[in-house]
Amino acid sequence: MENIQAGTSDIESIVRSDDLANLVVTFKSGQRAFLGAEKLRLACKCAHCLRARIDGRFPEAFPGIAIVDLGQMGYGLNIAFSDGHTRGIYPLGYIVALLEP
Ligand SMILES: [Zn+2]
């Protein structure tokens, strides 16, 4: 992947890939970046997942996980995953940060 030197104001759109395995972030420059569903699921910062990490019961992997729904919230995205987890809110700044290699 090319180096992404961008901020949230440079984002043109964010959609799901056709196979539901990635977020596709398109920047106003025309540059495109992909963010895998598993990486996103592992990075969830909702209260439920934070608690699970503290308790040591947060999974280390989510093989085959898909993005089943995407809610556009202005400042970020509400992502629903195929494991039934729908609480994750991903602010745009966090999404850009996750794009870093
Ligand atoms: Zn979560």
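**Briefing: a buried alanine and its surroundings**

A37 counts as buried because it has 24 C-beta neighbours inside 10 Å, and the cut-off for that label is 20 or more. This is a predicted model. A37 sits in helix α1, which covers residues 37-42. The protein around it has three helices and six strands.

**Around A37**

- Which residues does A37 touch, leaving out those up to four places away in sequence? They are A21, N22, I65, A66, I67 and F81.
- Among these contacts, N22 belongs to strand β2 (residues 22-27), I67 to strand β4 (67-72), and F81 to strand β5 (residues 76-81).
- L20 is 17 residues from A37 along the chain, and their C-alpha atoms are separated by 7.8 Å.

**Overall form**

- Along the sequence, the elements follow the pattern β-β-β-α-α-β-β-β-α.
- The radius of gyration is 13 Å; a compact globule of 101 residues would have a value near 13 Å, so the two agree.
- Taken along the principal axes, the C-alpha atoms fill a box of roughly 40 × 25 × 25 Å.
- Buried residues account for 16% of the 101 residues.
- Of the contacts with a separation of 6 or more, 41% link residues 24 or more positions apart.

- Strands β1 (residues 11-16) and β2 (residues 22-27) run antiparallel and are joined by five bridges.
- R16 stands opposite L23 of β2.
- Five residues lie between the two strands of this hairpin. L20 takes a positive phi there, near 65°.

**The three-stranded sheet**

- The strand order is β4-β5-β6 in an open sheet, and the pairing is antiparallel.
- G71 has N78 in β5 as its bridge partner.
- Helix α3 (residues 92-99) packs on the sheet and touches β5 and β6. The direction of α3 makes about 80° with that of β6.

**The nonpolar core**

- In soluble globular proteins, nonpolar side chains tend to be buried together.
- Here the largest nonpolar core has 13 residues. L35, L40 and I79 have the most contacts inside this core.
- Which elements each supply at least two residues of the core? They are β2, β3 (32-36), α1 and β5.
- The largest share comes from β5, with three residues.
- Beyond its neighbours within four places in sequence, L35 is in contact with N22, L23, V25, L40, I95, L98 and L99.

**The open helix**

- Is helix α2 (residues 47-54) largely buried or in the open? None of its eight residues is buried, so α2 lies largely in the open.
- Just after α2, G56 takes a positive phi of about 70°.

Terms used:
Residues numbered from 1 in each chain as written. Buried ≥ 20, exposed ≤ 12 C-beta atoms within 10 Å, placed from the backbone. Helix = DSSP H or I, 4+ residues; strand = E, 2+ residues; numbered from the N terminus. Rg over C-alpha atoms; globule rule 2.2 N^0.38 Å. Contact = placed C-beta atoms within 7 Å. Pairing = 2+ DSSP bridges. Axes fitted to C-alpha atoms, helices over the stretch in contact; angles between N-to-C directions. Core = buried A, V, L, I, M, F, W, Y, C linked by C-beta atoms within 7 Å.
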